[in-house]
Amino acid sequence: MTEKILIIDDDLETLRLLGIMLQRHGYRIFSATNGKEGLSRAIQEKPDLIILDLGLPDIDGLEIATQIRKNEITATIPLLIFTARRETNGESAGLQAGADDYLIKPVRPPELLTRIKTQLDRKI
């Protein structure tokens, strides 16, 4: 079965590049450009993994992570925060909000793919 990944990011270029890379590795991709849409797609699509940016236009990514963890439909979906934010305690806040992993952009594709595979393997 093809694993499904939801990417929640308001940067269209990031969505495009991540989507292409992940599709080439056999993943089925869904995307959302804001938090409200991302939460809705997570519930609707029940992806195998969610990649979440923190800097979204409508709902802060940390709040989205918290809501994902509170919803029984999405609570156990692996959540990888993938953000350009370089704030002090950012990683701690992301993990406390429910993320399983935290990466700061830019990141080399092999590292991102390894982190994704690791989270998907843990879900099995």
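Asp-9 is buried in this predicted model, with a relative accessible area of 2%, where buried means under 20% relative accessible area, exposed over 50%, and partly exposed in between, computed with a 1.4 Å probe and protein chains only. The model is a predicted one, in which local features need pLDDT of at least 70 and side-chain atom pairs count only at pLDDT 80 or more, whereas totals for chains, interfaces and linings use all residues. Residues are numbered from 1 along each chain as its sequence is written, and side-chain values use heavy atoms, with hydrogens and water left out.

The place of Asp-9 is in the loop between strand E1 and helix H1, with helices (H or I, at least four residues) and strands (E, at least two) taken as DSSP runs and numbered from the N terminus. Leaving aside residues up to four places away in sequence, Asp-9 touches Thr-14, Leu-15, Ala-32, Thr-33, Asp-53, Leu-56 and Lys-105, contact being defined as heavy atoms within 4.5 Å. The C-alpha atoms of Asp-9 and Leu-22 are separated by 15 Å, the two residues being 13 apart along the chain. Lys-105, one of the residues that Asp-9 touches, is joined to Pro-106 by a cis peptide bond with omega of about -10 degrees, and Pro-106 lies in the loop between E5 and H5.

In its overall organisation, the protein chain has 5 helices and 5 strands, which follow the pattern β-α-β-α-β-α-β-α-β-α when read along the sequence. The radius of gyration of the protein chain is 13 Å, close to the 14 Å that the globule rule gives for 124 residues, so the chain is as compact as a globular protein of that length; this radius is taken over C-alpha atoms, and the rule is 2.2 Å times the number of residues to the power 0.38. Along the principal axes, the C-alpha atoms fill a box of roughly 35 × 30 × 25 Å. Of the 124 residues, 46% count as buried, and among contacts between residues at least 6 apart in sequence, 58% join residues at least 24 apart.

The 5 strands form an open sheet in the order E2-E1-E3-E4-E5, with parallel pairing, two strands being counted as paired if DSSP finds at least two bridges between them. The edge strands are E2 (28-32) and E5 (101-104), each of which pairs on one side only, and the twist averages 20 degrees from one strand to the next. Strands of a sheet pair through backbone hydrogen bonds, either parallel or antiparallel. Strand E3 (residues 49-52) is joined to strand E4 (residues 79-83) by 3 bridges, the two running parallel, and to E1 by 4 bridges, again in a parallel arrangement. Within these pairings, the bridge partner of Leu-52 in E4 is Ile-81, Ile-50 stands opposite Leu-79 in E4, and the bridge partner of Ile-7 in E3 is Ile-51. Leu-49 and Ile-51 point one way from E3, while Ile-50 and Leu-52 point the other way, and all are buried.

Helix packing was examined next. The axes of helix H1 (residues 12-24) and H5 come within 12 Å and cross at roughly 65 degrees, where axes are lines fitted to C-alpha atoms, for helices over the stretch in contact, and angles run from 0 to 180 degrees between N-to-C directions. The crossing of H1 and H5 is right-handed, a term that applies if the near helix is turned clockwise from the far one by less than a right angle, anticlockwise being left-handed. The contact is made by Leu-18, Met-21 and Leu-22 of H1 together with Pro-109, Leu-112, Leu-113 and Ile-116 of H5. By class, the contact of H1 with H5 has 7 nonpolar, no polar and no charged residues, with Ala, Val, Leu, Ile, Met, Phe, Trp, Tyr, Cys and Pro counted as nonpolar, Asp, Glu, Lys and Arg as charged, and the others, Gly among them, as polar.

Two further residues were considered individually. Thr-118 lies in helix H5 and is partly exposed, with a relative accessible area of 32%; Thr-118 and Ala-75 are 43 residues apart in sequence and 18 Å apart in space, C-alpha to C-alpha. Lys-46, found in the loop between H2 and E3, is likewise partly exposed, with a relative accessible area of 48%, and its phi is near 50 degrees, a positive value in a residue other than glycine.
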